[in-house]
Amino acid sequence: MSSPKSTPRTHENSHDTSNLSHDEKRQVHENRMDRPPYTVDEGEHGAFKPIYKGACFCEKVTFEISRERPLEAKFCHCEGCQRLHGAPFQWAAIFHKTDVRFTSGSSELIYWHSGTKSQDYILPCKVSCKNCRTPIMDEGRKMLLLFPTLVKFGSAAEKRRFHPSCHIFYERRAIDVPDGLPKWRGHKGESEEMVETMREEHGGANI
Ligand SMILES: [Zn+2]
Ligand SMILES: [Zn+2]
């Protein structure tokens with residue numbers, strides 16, 4: 001199945017750090033523990049006030065979030081998300097890196113960089129638990145996309161704060177989601193909005 005060249009197949013930003021030299025890449029990797037969300041700032045200067053806690057499936061990797069609502073939340077139907085998550089679409093919530101901190105297991109993570117198809121720590125990359133392989137987040141250069149399914153919400157009202165504003169890469173969908181939310185063909189605001197339909201043959205044709 002071919003797709004128009006103007007339609008990227010994944011949500012990932014092509015401006016990544018893969019053009020750095022080998023030494024520079026190694027330095028970015030080695031220095032990551034000095035930067036959020038990998039740092040655990042427990043000193044008296046720490047302004048971090050955790051609101052939510054989350055964990056991977058095996059709970060070796062745990063984290064906290066200090067922002068009440070994500071900057072944005074989306075369902076992404078791109079093929080990268082479908083394949084890498086083994087799911088019809090991905091639910092991601094965007095945060096500043098400083099809004100999130102790992103509380104355990106930050107040295108027990110594995111990385112995946114789609115552009116180079118490698119486990120190198122090249123941004124943007126996918127970050128997963130080394131033990132249970134649960135995807136934890138997509139780490140960009142400035143922001144991160146955390147997967148709210150890992151957050152231990154205390155109530156339905158808390159969970160609603162993470163409710164997506166829209167669907168992106170809806171053109172690539174495995175299934176129709178007639179939920180009334182805006183549906184973008186590609187990236188939000190950079191592609192056409194699609195009319196919501198309920199086409200039973202769509203999923204059948206794709207699967
Ligand atoms: Zn795990
Ligand atoms: Zn995606």
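These legends describe close-up views of a predicted model. Local features need pLDDT of at least 70, side-chain atom pairs count only at pLDDT 80 or more, and totals for chains, interfaces and linings use all residues. Residues are numbered from 1 along each chain as its sequence is written.

**View 1. The largest nonpolar core has 35 residues.** Such a core is a set of buried Ala, Val, Leu, Ile, Met, Phe, Trp, Tyr and Cys residues joined through C-beta atoms within 7 Å. Buried means that 20 or more other C-beta atoms lie within 10 Å of a residue's own; exposed means 12 or fewer, partly exposed in between, with C-beta atoms placed from the backbone. Val61, Cys76, Ile136 and Leu146 touch the most other members. Strands supplying at least two residues each include strand 4 (90-96), strand 8 (135-139) and strand 9 (143-146). Strands are DSSP runs of E, at least two residues, and helices are runs of H or I, at least four, numbered from the N terminus.

**View 2. Strand 9 pairs with strand 4 and with strand 8.** Pairing requires at least two DSSP bridges between two strands. Strands 4 and 9 run antiparallel over 4 bridges. Strands 8 and 9 are also antiparallel, over 3 bridges, and form a hairpin with 3 residues between them. Leu145 is the bridge partner of Ile94 and of Asp138.

**View 3. Lys117 has a positive phi, near 50 degrees.** Lys117 sits in the loop between strand 6 and strand 7. Lys117 counts as exposed because it has 8 C-beta neighbours inside 10 Å.

**View 4. A cis peptide bond joins Leu123 and Pro124.** Omega is about -5 degrees.

Key
Chains lettered and ligands numbered in written order.
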